[in-house]
Amino acid sequence: MATMTTTLFSSLSSKPKISFLEPRFSSFHGLVRPTKAHNNNNLSITMSAAASPPPYDLKSFKFDPIKESIVSREMTRRYMMDMITYADTDVVVVGAGSAGLSCAYELSKNPDVQVAIIEQSVSPGGGAWLGGQLFSAMVVRKPAHHFLDELEIEYDEHDTYVVIKHAALFTSTIMSKLLARPNVKLFNAVAVEDLIVKGGRVGGVVTNWALVSMNHDTQSCMDPNVMEAKIVVSSCGHDGPFGATGVKRLKSIGMIDSVPGMKALDMNTAEDAIVRLTREIVPGMIVTGMEVAEIDGAPRMGPTFGAMMISGQKAAHVALKSLGLPNALDGTYVGSIHPELILASVDGTETVDA
């Protein structure tokens, strides 16, 4: 291992630098690993790098041979097995934006809970790949930064909020951790066209390929598929071509009276309200994220993402409670075999009361 240590000094100005432009690094198993950033006029960087070359010859590289049919069979067999496995599942999360991903991540901590995520886009993540107005940085108000600590995401810390240097760091990190778990399957490029409702209770979703859903008017009838679930979590976001589809469908079939739509922007009111109002809106269906603002007429919060994360976590624990499993809402996680099922907040009761 070759180690290089470099110390950089800032200018004589007393004005603090933006710390995510001046990260600290520490050696971690031969890699450069950033530690939590803080405003500091001095910067100490320690880098450790492995001196060994790659385990193959880059000058004359050749892949092992394979039959094209094997590639097709591997993809098809695994996907069809997933469709069979998740045709009847514990929880379906509709919409893989920041709230839906946070909900699925929290649910997946219990290995006995099977979670299917349905995302209409090819690329999951919703609006969480960027901050606001196509800017990169993601602002997260405290105490939601504890969720970032759990995910081991670095940020620039301020008194009442933190800033991730690129929103994609949050989205890619939570997806990589979530999708690695054996009890989770993401079905992207799949649309939820309708709900399964039996005896006044939502009991699953009606699905189709997203491209088929977008072209029903151009083709003959193309019937959908179904996925039964004990709980459906609707995290379809704010209104739009594909937004708030869960609550809009509840209204159209008479299970709720109205969808007033979100009010004008008020960050301080909006984020608290979205977490507070995250709940089981009708039997079998929980609403989380910006879809909550649509159903309750709460303000929009704009480019700050803490409420999405904590609303998703709360939705997960509402679902766990409905499933009769340990959850952070009624305290049944205390002494359980899954002590990690604790909301990432400064005070557990603060989030629950909100």
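Visitor: Is Leu58 buried or exposed?
Guide: Leu58 is exposed in this predicted model. Its relative accessible area is 63%, and exposed means over 50%.

Visitor: Where does Leu58 lie?
Guide: Leu58 is in the loop between strand S4 (42-49) and helix H1 (68-85).

Visitor: What does Leu58 form with Tyr56, Phe61 and Phe63?
Guide: Those residues make up a nonpolar patch on the surface. Together, Tyr56, Leu58, Phe61 and Phe63 have about 510 Å² of accessible area.

Visitor: New topic, salt bridges. How many salt bridges are there?
Guide: The count is 13. One of them joins the side chains of Asp82 and Lys185, at 3.2 Å from N to O. That pair links distant parts of the chain, with Asp82 in helix H1 and Lys185 in strand S10 (residues 184-188), 103 residues apart.

Visitor: And Lys185, is that buried or exposed?
Guide: Lys185 counts as buried because its relative accessibility is 18%, and the cut-off for buried is under 20%.

Visitor: Which residue does Glu157 meet in a salt bridge?
Guide: Glu157 meets Lys142, with 2.9 Å between N and O. Glu157 is in strand S8 (residues 156-157), while Lys142 sits in the loop between strand S7 (138-141) and helix H3 (145-151), so the pair ties together parts 15 residues apart in sequence.

Visitor: What is the relative accessible area of Glu157?
Guide: For Glu157 the value is 22%, so that residue is partly exposed. Lys142 also counts as partly exposed, at 27% relative accessibility. Elsewhere, salt bridges that share partners join Glu74, Arg77 and Arg78 into one network.

Visitor: What about Glu106 and Lys109, buried or exposed?
Guide: Both Glu106 and Lys109 are buried. Their side chains meet in a salt bridge, 3.1 Å from N to O.

Visitor: How many residues of helix H2 are buried?
Guide: In helix H2 (residues 98-108), 11 of 11 residues are buried. Glu106 is one of the buried residues of H2, and others include Leu101, Cys103, Tyr105 and Leu107.

Visitor: Last one, Cys221. Which UniProt annotation covers Cys221?
Guide: The unreviewed UniProt entry has "modified residue: 2,3-didehydroalanine (Cys)" at Cys221.

Visitor: Where is Cys221 placed?
Guide: Cys221 falls in the loop between helix H5 (210-213) and strand S13 (225-234).

Visitor: Why does Cys221 count as exposed?
Guide: Cys221 counts as exposed because its relative accessibility is 68%, and the cut-off for exposed is over 50%.

Key
Residues numbered from 1 in each chain as written. Predicted model: local features only at pLDDT ≥ 70, side-chain atom pairs only at ≥ 80, totals over all residues. Heavy atoms only, no water. Buried < 20%, exposed > 50% of the residue type's maximum accessible area, 1.4 Å probe, protein only. Helix = DSSP H or I, 4+ residues; strand = E, 2+ residues; numbered from the N terminus. UniProt positions renumbered as here; feature names shortened; annotations may be inferred. Patch = residues over 30% accessible without salt bridge, like charges linked within 9 Å, V, L, I, M, F, W, Y side chains within 5 Å. Areas by Shrake-Rupley, 256 points an atom, 1.4 Å probe, with all protein chains shown as cover. Salt bridge = Lys/Arg side-chain N within 4 Å of Asp/Glu carboxyl O.
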